[in-house]
Amino acid sequence: MVSSHGKGADGVVEDERSGNFMQPHQLQQALEVAREANQGKPLDLVFFDACRMMAVEMASQLKGSVKVAVGSLDRIDSGGYDPGVWVRGASTSADGLALGRLLAENTDPRQMEGLGTTAAVNLELIEPLEQALRHLADQLAGLEPGQATRVRELATFSRRSQPSPSYQYALDNMANSILQGSSESLNSWLEEVRPSDPVAISSFCHNLAAAPELGQSLRTAAQAVIEAHGQAVFAQREECDGLSVVLPLERTSEVTGNSIFERATRWQRAVDHLIPLHSPAPLGKSWLERELEARSGSLLSSGHHQPQLGGGAGP
């Protein structure tokens, strides 16, 4: 079990002194040590008790070191997964696949509150998904400008970083405190609720496959990704969407990727074509920002001073 803060494709396990995260290749190196200690056999399962770790970039890095990965592509609360369920499951399951299914499909109400979505991925079936994503990346990189704009629009419906129910409760309390004039930072709240870079692979590709204006070749490639993804993700709760892949909201610098995932898929070619460099993401204001502006306007019109909201630079 890997229990810490998670950032999906950007890593897991935060160093609280530096704020840095263990990168996917660094986690893979650690798991390779464990594999060698396991007589050279891949570990049965890794469970990510951390936010947003069902990222295909991480899954691609870990294949060969571990057979099964379980976690969420969304945000989870700090209470974590019940270790009793984990231990009992590990002692009774026949293999990593059985344990993965048990953990992913756990519907205990307390777990549903803390981990709104969970999925189990057979890492031995990641390579067919990589191949399908490579073909899709080639198709995306060849789109006309109008088609690329349409893909960006479709991606907005598949962006995933949803808070679990208890995480959402904490965010609602934070928003209420901000509305009451507390010193809690508006920017911290916005970092938690604004759309994120990862898109859910399955829903994104379903949207692509249903868009005739993108052409038959791309739609066929998207359907192939759906099928490969469905084979790799063998268990999940309802409302879960398996694995995510990064399709950033904006691109502020040139990126040269050399990860296992990038070498296998050439996904960065699609990103470079779809997301113009230095083109700001068209994000609207959140409900909390609009509410604060409305209240500030009322205070100013009545002669009151405008309150100071939060601190630091926005995300």
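This briefing describes salt bridges, nonpolar cores, helix packing and selected residues of one structure.

The structure is a predicted model, in which local features need pLDDT of at least 70 and side-chain atom pairs count only at pLDDT 80 or more, whereas totals for chains, interfaces and linings use all residues. Residues are numbered from 1 along each chain as its sequence is written, and side-chain values use heavy atoms, with hydrogens and water left out. Helices (H or I, at least four residues) and strands (E, at least two) are DSSP runs, numbered from the N terminus.

**Salt bridges**

- The structure contains 17 salt bridges, each defined as a side-chain nitrogen of Lys or Arg within 4 Å of a carboxyl oxygen of Asp or Glu.
- Side chains of opposite charge can pair when their charged atoms come close.
- R35 pairs with E32 in a salt bridge whose closest N and O atoms are 2.7 Å apart.
- Both R35 and E32 belong to helix α1 (residues 24-37), where a spacing of 3 residues separates them by about one helical turn.
- E32 has 18% relative accessibility and counts as buried; the classes are buried for under 20% relative accessible area, exposed for over 50%, and partly exposed in between (1.4 Å probe, protein chains only).
- A salt bridge also links the side chains of D241 and R160, at 3.8 Å from N to O.
- Because D241 lies in the loop between β8 (233-236) and β9 (244-246) and R160 in the loop between α7 (145-155) and α8 (165-179), this pair ties together parts that are 81 residues apart in sequence.
- D241 and R160 are both buried.
- In helix α14 (residues 287-301), E291 and R295 lie 4 residues apart, about one turn of the helix, and their side chains form a salt bridge of 2.8 Å, N to O.
- E291 is partly exposed at 30% relative accessibility, and R295 is partly exposed at 35%.
- Through shared partners, salt bridges join D74, R160 and D241 into one network.

**Nonpolar cores**

- In soluble globular proteins, nonpolar side chains tend to be buried together.
- A nonpolar core is a set of buried Ala, Val, Leu, Ile, Met, Phe, Trp, Tyr and Cys residues joined through side-chain atoms within 4.5 Å.
- The largest nonpolar core has 60 residues, of which F48, L133, L136, L140, L208, L243 and W267 touch the most other members.
- Leaving aside residues up to four places away in sequence, L140 touches V151, L218, W267, A270, H273 and L274, where contact means heavy atoms within 4.5 Å.
- A second, separate core holds 27 residues, including L103, A175, L186 and L190.

**Helix packing**

- Axes are lines fitted to C-alpha atoms, for helices over the stretch in contact, and angles run from 0 to 180 degrees between N-to-C directions.
- Angles under 35 degrees count as roughly parallel, over 145 as roughly antiparallel, 65 to 115 as roughly perpendicular and the rest as oblique.
- The axes of α7 and helix α10 (residues 201-209) cross at roughly 140° and come within 9 Å; the two helices are therefore oblique to each other.
- The contact between α7 and α10 brings V151, L154 and A155 of α7 against F204, N207 and L208 of α10.
- Helix α3 (residues 83-92) packs on helix α4 (residues 96-104) at about 150°, with the axes 9 Å apart, and α3 and α4 are therefore roughly antiparallel.
- On α3 the contact residues are V85, W86, G89 and A90, and on α4 they are L99, L102 and L103.

**Selected residues**

- P276 lies in the loop between α13 (267-274) and α14 and is partly exposed, with a relative accessible area of 37%.
- P276 touches R152 and R251, not counting residues up to four places away in sequence.
- P276 and P163 are 113 residues apart in sequence, and their C-alpha atoms are 29 Å apart in space.
- Q223, in helix α11 (residues 216-232), is partly exposed with a relative accessible area of 34%.
- Between Q223 and C205 the C-alpha distance is 6.8 Å, at a sequence separation of 18 residues.

**Positive phi angles**

- Most residues other than glycine have a negative phi.
- Q39, which is not a glycine, has a positive phi near 60°; Q39 lies in the loop between α1 and β4 (43-49) and is exposed at 70% relative accessibility.
- R52 has a positive phi of about 60° and is likewise not a glycine; R52 is in the loop between β4 and α2 (56-62).
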